[in-house]
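Please keep the sequence and the model in view as you read.

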Amino acid sequence: MNNKILRISIWVYLGLFFAYLLGPLVIMSATAFNSPGFPRATPWECLTFEWFGALFQDERILNGIWNSVLVGLGTVTLSVAMGLAGALMLTQISAKVRSVYYTIIIAPILIPGVVLGISTLVFWDRINRMLGLGADSFLSNGLFLTIIGQSTFIASYCMLVLVARLQRYDMVQTEAALDLGASHAQAFRKILLPFMRPAIASAGVLAFLASFENYNTTTFTFGEYPTLTIELAQKVRYGITPAISALAFIIVLLTVFGALANEANIKRKERIAEARKEGALPDVKGISLPGFLRGNPAAVLLVLLAIGTITVVGTATAYSPAQCIADVKETKRLEAEQRIQELRAKREADRAKQKAEQGEEAETQQSTPKPSNNSGFGNVFAPTTLSDDEEEGAEAPEPSNNSGFGNVFDPDALQEDDQSNSE
Amino acid sequence: MTGFLKEFFNRNGIGVGAIMLGLVLFWTIGLIVLPQLSMLDFSFRPNLPPPEIGGPKDVYTLENYKYLVFGPEGGGQDYNAVDLRVFYRTLIAAALVTIFNLILCYPISYYLGQSEGNHIRIFALMLIIPYWINEILRAFALRIIFGETGVLNTVLIGSGVFDQPFDFIRNDIALYAGLGYAYILLMIFPMYNVIESLDRNQIEAARDLGAPWWRIHWRVVIPYAKPGISSGCTMVFMLSAGALAAPQILGGPSSLWFTQLIYQQFNDNNDWPQGAAYAVVLLVTCIALVLAVMRLFKVNMGDIGK
């Protein structure tokens, strides 16, 4: 009995834990398909794919992705090289120096990213000045600084991954190659590197992902090269739209895809290894094999996910939410008109009561509804619309993204507009 | 030293050895040590326009540090109450986030470390996936949930808990949830690594001797997992105290995080030495706190990063 309670509470805990972990991502993904201009999952209005279109038309996002890729490639090259050198050095130096050396190369993981960014900026600025170079020199270039700043700590991650593999390397192999007449460079390239390849690959992926999502360091160093993360942060801070949810959804999907593919691959290799042990000769190119999916849940999920994606993309091209959006708009318009009628009736009554104060009274009446989009139709009464003729209020400015009562009325969106205007 | 170099080049060859040594020196000296020293040096200098740097006015001064404690000169206050309060609040909140994460993550680390089966791998995958989503997007996701018209408020009002939307952002609940959310994996991973290597027989033995479950954890599992717990706590504390994205996106309008002050000094006030001084203060205080707590719980520095 006691055991049963324990088991139930474990599952409740696990459920809550993963709800906290995955819930936000699921809800964020859902908002990418809802038509209101402010990202939210409730109330659900219309299924729409237009935010994906808006995303792919956003020059700044696309430019940010390009910069992120550039920075990522540079960081991967530099930090894997430095991490490998650092790991090799760690296995060779004497025990006395090793602890100091290890503390130095592990420290960047613990130093706050903000501090790394600042120190990189200050240090290279000083070098730049000492060399007497101008403000537009290579050393003060955003791309260079960002790669340098990120590599400082990403190299430590790479080092940890590489050291784990290097510990299993037998130095005798290199010595044997040297005895057989290989040069040091040949021994390095033909013996050590092939052995390290899996670890180098995982360190590279890790470095790229870490670089891609870095914000704290990059925000001080990016200069003329805002990465995707920087652009996202700007957008999120100054007004949010579901286009960001759409991007997040794509990233979530890609991550899940990558993780499942990796898992399926590991499983497949394990099965092949097992089969080899049993003496059977498996078909290594097992992708065409139906048995590929057997007993490999990750692979099954992967295939299902791929089918799902293709279906959704397929329907997205054919589906148009225009009718639904128009319906929602119509309901909102009716609701709004009703509100206006009520207001007008009330005002008429007021006017009759106190002729002298009618103007002020009406003013205050009008501005009662909050400008935030608390209620489905509250925004219609936002101060901007009130300056118009009241009857026209409900059909107020058609949002350019053609999304019902889109972000025109959303205070955050107004902010963003201001932002983009001022830039 | 020369003996080491000779052996080093003998072992690795001139070419490979030189490249290796060059990379290591560039990384340790050029990227880690010198920039930190440079920042420290910079924090003791006055804020001068570029032409005057290196000139007669460029002398060492404690001005930047004084500013943090006493505020602007002639400002009429005894202390720089605003910045000091932000600093204090940041450290307290980071410590609370760390404790929250520890309590949240210890059970799952134990569960993952001590059970077997296929579902463990799926759980591990589910843990890792959110970690690869951009930090900004994770904060954004929480903002959607905690916003005034967000999912949480809709649910709470719908179920009648509140009749007014509750402002999670202004009350900093969103910020704490976001910081905790961002570093879950960094807490789980070190703990999981240690607990996984704990011999299950030890737990069995304790159980056979009649220990209740909480005493098994208190006397067997936690002492064994101490290095993992301290690594996890150190990482989460340092990263939350140094977080910038989550406070910028989820922080209330009236409350600041210390890193935001640093950011303002650099980007809005254009006072780099002042920002550098704040950064030094943050770094030194965090390291001192971590070392103090580690001494308190008798954990060695060498256990970190295992």
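Start with chain A. Its domain assignment, automatic or taken from a database, gives domain 1 (2-51), domain 2 (54-317) and domain 3 (322-422). Domain 1 of chain A puts eleven residues into its contact with domain 2 of chain A, which puts in twelve. Contact here means C-beta atoms, placed from the backbone, within 7 Å.

This is a predicted model: local features need pLDDT of at least 70, side-chain atom pairs count only at pLDDT 80 or more, and totals for chains, interfaces and linings use all residues. Residues are numbered from 1 along each chain as its sequence is written, while chains are lettered from A and ligands numbered from 1 in the order in which they are written.

Now chain B. The assignment gives domain 1 (1-43) and domain 2 (61-303). Their centres, taken over C-alpha atoms, are 34 Å apart. Four residues of domain 1 of chain B contact seven of domain 2 of chain B.

Next, the cores. A nonpolar core is a set of buried Ala, Val, Leu, Ile, Met, Phe, Trp, Tyr and Cys residues joined through C-beta atoms within 7 Å. Buried means that 20 or more other C-beta atoms lie within 10 Å of a residue's own. The largest nonpolar core has 147 residues. Those with the most contacts inside it include A:Ile118, A:Cys158 and B:Met191. Leaving out residues up to four places away in sequence, B:Met191 touches B:Cys105, B:Tyr106 and B:Ala225, among others. A second, separate core has five residues, among them A:Leu260 and A:Ala264.

Note on methods: Two residues are in contact if their C-beta atoms, placed from the backbone, lie within 7 Å. A residue is buried if 20 or more other C-beta atoms lie within 10 Å of its own, exposed if 12 or fewer, and partly exposed in between; C-beta atoms are placed from the backbone.
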